Amino acid sequence: MPGEPPNTIFDYFPDDFLLIIDESHMTLPQLRAMPGGDRSRKANLIKYGFRLPSAVDHRPLRFEELEGILGWKDLKDIVLDQAFDISANVSNTHVEIFNRYQKTKTARGENQLMTLVKKHKKDTKSIFLSATPSEYELKLSDKIVEQIIRPTGLLDPITYVYPKSGNYDSLILSIETLMKKKPHLKEFMDGYSLKDGIEEVFAGGDEA
């Protein structure tokens with residue numbers, strides 16, 4: 001019916017499903033922008049007679065509708081029927097059709113609200129995963145959990161910074177220490193002088 005939100009995958013989920021949004025600082029803006037891009041394209045097609053005005057109903061879910069379905073926003077706070085405002089873009093070819101279509105404006109808002117009430121997932125829980133959450137996610141969150149370790153459970157490795165001196169003794173010492181800890185690496189050094197090899201590599205780099 002005119003004004004109804006489209007069917008989505010959420011229609012197949014129970015009322016108490018768990019929604020996990022990864023990289024929410026990027027995902028949510030994309031969900032906000034998608035209906036606007038669709039409407040802009042449809043407006044031009046309708047204006048020049050390539051689509052009927054009813055094409056505005058073949059659209060993705062508006063972000064406000066998504067908020068209502070998932071319980072992020074109260075249904076009474078949703079501005080209804082934003083997809084309808086196309087009067088300025090209707091071509092002369094479609095004026096008569098549009099005039100008939102315009103009479104459904106009140107019904108469109110009612111259809112939209114009734115459908116949102118049916119689609120509302122009252123017990124849904126949402127988790128936003130982001131290293132840089134926006135104010136929107138923080139405001140919606142009842143509890144914020146900060147993870148300060150790497151996902152693997154390992155701490156970040158310790159990094160040593162040595163002064164640039166042109167002396168490779170510390171590098172050679174580090175490699176020799178590594179060889180003692182991991183003897184299996186010695187097979188890569190057979191017949192190879194560590195110090196001479198390093199000097200040869202750096203000398204070759206200078207020539208290049």
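Trainee: Leaving aside neighbours within four places in sequence, which residues is aspartate 38 in contact with?

Mentor: In this predicted model, aspartate 38 belongs to helix H1, residues 24-47. Setting aside neighbours within four places in sequence, the contacts of aspartate 38 are His58, Arg59 and Pro60.

Trainee: Is aspartate 38 buried or exposed?

Mentor: The relative accessibility of aspartate 38 is 16%. Buried means under 20%, so aspartate 38 counts as buried.

Trainee: What is the geometry of the aromatic pair formed by phenylalanine 10 and phenylalanine 13?

Mentor: The count of aromatic pairs comes to 7. For phenylalanine 10 and phenylalanine 13, the distance is 6.3 Å centre to centre and the angle between the planes is 70°. Planes over 60 degrees apart count as edge-to-face, and the pair of phenylalanine 10 and phenylalanine 13 is edge-to-face.

Trainee: How many residues apart in sequence are the parts that tryptophan 72 and tyrosine 136 tie together?

Mentor: The ring centres of tryptophan 72 and tyrosine 136 are 6.4 Å apart with planes at 70°, so this pair is edge-to-face. Tryptophan 72 lies in the loop between helix H2 (63-70) and helix H3 (95-102), while tyrosine 136 lies in helix H5 (residues 135-140). The pair therefore ties together parts whose separation in sequence is 64 residues.

Methods. Residues numbered from 1 in each chain as written. Predicted model: local features only at pLDDT ≥ 70, side-chain atom pairs only at ≥ 80, totals over all residues. Heavy atoms only, no water. Helix = DSSP H or I, 4+ residues; strand = E, 2+ residues; numbered from the N terminus. Buried < 20%, exposed > 50% of the residue type's maximum accessible area, 1.4 Å probe, protein only. Contact = heavy atoms within 4.5 Å. Phe/Tyr/Trp six-rings, centres within 6.5 Å; stacked < 30°, edge-to-face > 60°.
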